[in-house]
Amino acid sequence: MPQILPPDSLRGKTALVTGSSRGIGADTARYLAEAGANVVVNYRNKAPRAEKLGAELRGLGVEVLVVGADLTDSDSVQAMFDEVQRAFGSLDILVLNASGGMEAGMGEDYALALNRDAQVRVLETAMPLLGDGSRVVFVTSHQAHFIRTTPTMPEYEPVARSKRAGEDALREFVPELAERGIGFVVVSGDMIEGTITATLLERANPGAIASRRESAGRLYNVSEFAAEVARAAVEPVPADNTRLIGDTSSFGQE
């Protein structure tokens, strides 16, 4: 992976990336660690994979805390941040990357519970650890960000609407965050090649990824999009708190 952020630019800082045992979250954690940040790797149920990533990041010379937590459970979330406080005392970067809703057997309310309610719960619980100059990054998709103006595939619509609901709920915190000197950025990307969501969508709607790739011209892969998430954690916050990654010409603007 290429060096995305300047070496040692995050030395002494601490970053927590939710859902970081694999995919975009794992690569985001790598980029932040390469820049010198201590990293909290969060996972739901893939402990061996998370521990393997933790060992890899420690090899970069940073401190790593690997913490399992069910983000839909308030006690679990509180326990995670209690561990963060014990280990590091504070938090400088919070990347809200974990999402879902297409998994089988999770119940019809799961998408909203994870993509809206859990995102708010994580931010509220993290707030006491976030200080002046810290940053919160929420990761979403164009299909979710633009769902109010542009229809998406029926298979993805419940997830898209729940993620947009999460984005809207988090944006309600922007004035309070700004008062505390905490930056907030939404990073929205197109379908990402190689993600579990893309795989599930392709399974439910064969040809969906190829069709979107043709329409957009190109799709980002996991490491390319993770690099944009990492940049959002350190670069100036846009006036509208939004970074749109990749082509958006086929989406109706808000």
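## Pairing in the sheet

Two strands are said to pair if DSSP finds at least two bridges between them. In this predicted model, strand S5 (residues 130–141) and strand S6 (residues 183–189) pair in the parallel sense, with seven bridges between them. Phe138 of S5 stands opposite Val186 in S6. Another such position is Val137, which stands opposite Val185 in S6. In general, strands of a sheet pair through backbone hydrogen bonds, in either a parallel or an antiparallel manner.

Strand S5 is also joined to S4 by five bridges, and these two strands run parallel. Here Leu91 stands opposite Leu130 in S5. How much of S5 is buried? Nine of its twelve residues are buried, so S5 is largely enclosed by the rest of the structure.

## The sheet as a whole

Strands S4, S5 and S6 belong to an open sheet of seven strands. The order across the sheet is S3-S2-S1-S4-S5-S6-S7, and the pairing is parallel. Strand S3 (64–68) and strand S7 (242–245) are the edge strands, each pairing on one side only. From one strand to the next, the twist averages 15°.

Helix H4 packs on this sheet, where it touches strand S4 (91–96) and S5. The direction of H4 makes about 180° with that of S4.

## Two helices in contact

Two packed helices are described by the angle between their axes and by the distance between the axes. For helix H4 (residues 110–126) and helix H6 (residues 157–171), the axes come within 7 Å and cross at roughly 20°. Angles under 35 degrees count as roughly parallel; H4 and H6 are therefore roughly parallel to each other. The crossing of H4 past H6 is right-handed.

Which residues of H4 meet H6? They are Ala111, Leu112, Asn115, Arg116, Gln119, Val120 and Leu123. On the side of H6, the residues are Pro158, Val159, Ser162, Lys163, Ala165, Gly166, Ala169 and Leu170. By class, this contact of H4 with H6 has nine nonpolar, four polar and two charged residues.

## Ser162 in the helix contact

Ser162, which lies in helix H6, is one of the residues that meet H4. Leaving aside residues up to four places away in sequence, Ser162 touches Ala111, Leu112, Asn115 and Arg116.

Is Ser162 buried or exposed? Its relative accessible area is 3%, and a residue under 20% counts as buried; Ser162 is therefore buried.

Terms used:
Residues numbered from 1 in each chain as written. Predicted model: local features only at pLDDT ≥ 70, side-chain atom pairs only at ≥ 80, totals over all residues. Heavy atoms only, no water. Axes fitted to C-alpha atoms, helices over the stretch in contact; angles between N-to-C directions. Helix = DSSP H or I, 4+ residues; strand = E, 2+ residues; numbered from the N terminus. Parallel < 35°, antiparallel > 145°, perpendicular 65-115°, else oblique. Left-handed = near helix turned anticlockwise from the far one by under 90°. Contact = heavy atoms within 4.5 Å. Nonpolar A, V, L, I, M, F, W, Y, C, P; charged D, E, K, R; others polar. Buried < 20%, exposed > 50% of the residue type's maximum accessible area, 1.4 Å probe, protein only.
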